[in-house]
Amino acid sequence: MNNFSFQNPTKLIMGKGMIAQLSQEIPADKKVMITFGGGSVKKNGVYDQVKQALSQHQIVEFWGIEPNPAIETLRKAIELGKQEKVDFLLAVGGGSVIDGTKLISAGLLYEGDAWDLVKKGQAHDTVPLGTVLTLPATGSEMNNGAVISCHETKEKYAFYANYPVFSILDPEVTFSLPAHQVACGISDTFVHVLEQYLTKTGESRIMDRWAEGILQTLVEIAPKIRENQHDYQLMADFMMAATMGLNGFIAMGVSQDWSTHMIGHELTALCGLTHGHTLAIVMPGTMDVLRKEKGAKIMQLGERIFGVVAGTHDMRIDETIRKTEEFFRSLGLTTSLSEEGIGMDVIDEIEKRFNERGVHFGEDGLVDGATAKAILTRVL
Ligand code: NZQ
Ligand code: ZN
């Protein structure tokens, strides 16, 4: 186990009807800016619950944070927040609304253009932020990361700022999710765990088992959720899987990869593919191209999650990659670029971008432009 320090300050508030707790979690003297996406919360009753809970608070609303939140939109929110002198933020939505609001919380205390903060990769001074999560996927409700896009340049970068002070997770709010978003949320959660697991063996038994617990739960509940998305217990487990998958718990003392994510972000930035879907396409390619380096852990994944125990070393790795891809397809997602009309021109552009940026992603720093190209060509 590697050395680490761990602290996660987010208060998790879980369960049916818990949105009503908002009134106690946000101090009465705060001026709150509530941020929303495109309007799903008006159709599923979440907006009414939030307004009801905060009926005694001073409130400003900001609407229109889009999937893959764009700096162009967030600049407007920062301007409004400064004008209104808000001193608390409440994000009501999925990862995009929460991520966008993390940038707003830093932008409110920054004099310059908020894109500077994204390029810098981090911000320390922030306005406190709470969340009401409506889509289990990103873990943004209990981590300090955010991913911000720029439409003008077709770029998408991660940036690190503040953990939410609290996050409210009511599984009932997920009943209205479109099936494709559920599929992408499960895929995103699955790959978050793989990025912190599919690296080296023997670093930590406890982290391995925690990670495997999340993976196994997802494999078990995914087909049941496809049958009935209105099952409270299933959606509660999905929500907890997503939160626990990227809140730092399974990362303690172990190596992390994240190269699949970095390639996936480029596919979203260039082609508009939904985040979780990009990962379902890229992950089998990463496993195959890095099969030598990741081989021992791929074998462990195969044995413990998919029951792959027969055959030679290479056969077991092939079968585990096949099972992983089959899991993504069982969610209703495609797993090749050509199925999405994406060709070599995009692969070449990603290779070029990675070369220009001089990146070396992955636990061993092996994923540069050439390796990214090999991974994407494998899943063409
Ligand atoms: O905008 P509205 O109308 O609310 O609709 C949204 C949106 O169209 C809809 N939706 C959300 N909750 C719903 C609902 N529709 C019906 N019922 C509900 N309960 O779903 C659509 C997608 O929402 P979005 O927030 O974009 O999805 P997600 O939560 O998957 O977030 C994706 C973003 O998070 C980033 C991704 O890159 C992407 O930009 N990530 C953030 C991470 C982090 N902060 O740690 C890590 C992840 O790896 C990821 O990169
Ligand atoms: Zn992700």
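What you see is a predicted model, in which local features need pLDDT of at least 70, side-chain atom pairs count only at pLDDT 80 or more, and totals for chains, interfaces and linings use all residues. Residues are numbered from 1 along each chain as its sequence is written, chains are lettered from A and ligands numbered from 1 in the order in which they are written, and side-chain values use heavy atoms, with hydrogens and water left out.

I start with the metal. Which residues coordinate the zinc ion, ligand 2? They are D188 through OD, and H192, H261 and H275 through NE2, at 1.9 to 2.1 Å. Donors here are N, O and S atoms within 2.8 Å of the metal (3.2 Å for Na, K and Ca); water is not among the atoms, so sites may look incomplete. Along the chain, the donors of this zinc ion have the spacing D-x3-H-x68-H-x13-H. H192 belongs to helix α7 (residues 179-195) and H261 to helix α10 (residues 259-271), so this pair ties together parts that are 69 residues apart in sequence. Helices (H or I, at least four residues) and strands (E, at least two) are DSSP runs, numbered from the N terminus. H192 and H261 are both buried. Buried means under 20% relative accessible area, exposed over 50%, and partly exposed in between, with a 1.4 Å probe and protein chains only.

Next, ligand 1. There are 33 residues around ligand 1, and G38, S40, G95, S96 and K156 come nearest; a residue is near if one of its heavy atoms lies within 4 Å of the molecule or strand. By class, this shell holds 10 nonpolar, 20 polar and three charged residues. In that count Ala, Val, Leu, Ile, Met, Phe, Trp, Tyr, Cys and Pro are nonpolar, Asp, Glu, Lys and Arg are charged, and the others, Gly among them, are polar.

Now the polar contacts, meaning pairs of N or O atoms within 3.5 Å; within protein, one must be able to donate a hydrogen and the other to accept it, and residues adjacent in sequence count only if both atoms are side-chain atoms. S40 has a polar side-chain atom 2.7 Å from an oxygen atom of ligand 1. A polar backbone atom of G145 is 3.1 Å from a nitrogen atom of the ligand. H275, one of the residues that coordinate the zinc ion, has a side-chain N or O atom 3.0 Å from an oxygen atom of ligand 1. The protein buries 88% of the 960 Å² that ligand 1 exposes when taken alone; these areas come from the Shrake-Rupley method with a 1.4 Å probe, and for residues only the protein chains shown count as cover.

N68, in the loop between β3 (58-62) and α4 (71-84), has a positive phi of about 60° although it is not a glycine. K85 sits in the loop between α4 and β4 (88-93), and its phi is near 55°. K85 counts as exposed because its relative accessibility is 67%. N8 lies in the segment before β1 (11-14) and is buried at 16%. Polar atoms of the N8 side chain lie 3.1 Å from the backbone nitrogen of T10 and 2.9 Å from the backbone oxygen of M142.
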